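Here are some friendly notes to read with the model open beside you. Take the points in order, and find each residue on screen as you go.

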Amino acid sequence: MNSDTSAKDYRSTMQAAAKAYLLRHQDEYLGDDERLYDRTCRYLVHGLEVPTFMAQRLVHLAMTELSCRVAIDRGQGDETRLCLVHVSSGERALFPLRYLPLRLQPPTAQPAAAAAN
């Protein structure tokens, strides 16, 4: 059980290293995610001695995590809509609360949404 925990810690630490590397170097490879992916894999393999198979998976997970970041702007919206913000582009969109999972809805809207379903 202890080795399971240390393996998870190792993977999460190496994924965090991949994410940090991607953030530092993403401006060098605008629109060329494949080259950024390859360079990040090489960094993990040669710089941090991560096995190649694991480096590829960790970089993929880190890139997915960075590309799918969405935040909630609670200052905009109303009782029926919530403002979602794409973190990297700053693009904003109002979504009806009824389409969002309960965990994304404001606490005051959750009882009404649960009753509607």
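Before we start, a word on burial: a residue is called buried under 20% relative accessible area, exposed over 50%, and partly exposed in between (1.4 Å probe, protein chains only). Helices (H or I, at least four residues) and strands (E, at least two) are DSSP runs, numbered from the N terminus.

1. What you are looking at. This is a predicted model, so local features need pLDDT of at least 70 and side-chain atom pairs count only at pLDDT 80 or more, while totals for chains, interfaces and linings use all residues. Residues are numbered from 1 along each chain as its sequence is written, and side-chain values use heavy atoms, with hydrogens and water left out.

2. Helix α3. Which residues of α3 are buried? They are Met54, Ala55, Leu58, Val59, Ala62 and Leu66. These residues cover an arc of only 130° around the axis, so they sit on the same side of α3; the arc is that of the directions from the helix axis to the C-beta atoms.

3. His25. This residue lies in helix α1 (residues 2–25) and is buried, with a relative accessible area of 14%. Leaving aside neighbours within four places in sequence, His25 is in contact (heavy atoms within 4.5 Å) with Leu36 and Arg39.

4. Salt bridges. How many does a search of the whole structure find? There are two, a salt bridge being a side-chain nitrogen of Lys or Arg within 4 Å of a carboxyl oxygen of Asp or Glu. In one, the closest N and O atoms of Glu65 and Lys19 are 2.7 Å apart. Glu65 is in helix α3 and Lys19 in helix α1, so this pair ties together parts 46 residues apart in sequence. Arg81 and Asp78 also form a salt bridge, at 3.3 Å from N to O. Arg81 is partly exposed at 35% relative accessible area, and Asp78 is partly exposed at 31%.

5. Leu84 has Ala93 in β3 as its bridge partner. Five residues lie between the strands of this hairpin, where Gly90 takes a positive phi near 80°.

Notes:
Pairing = 2+ DSSP bridges.
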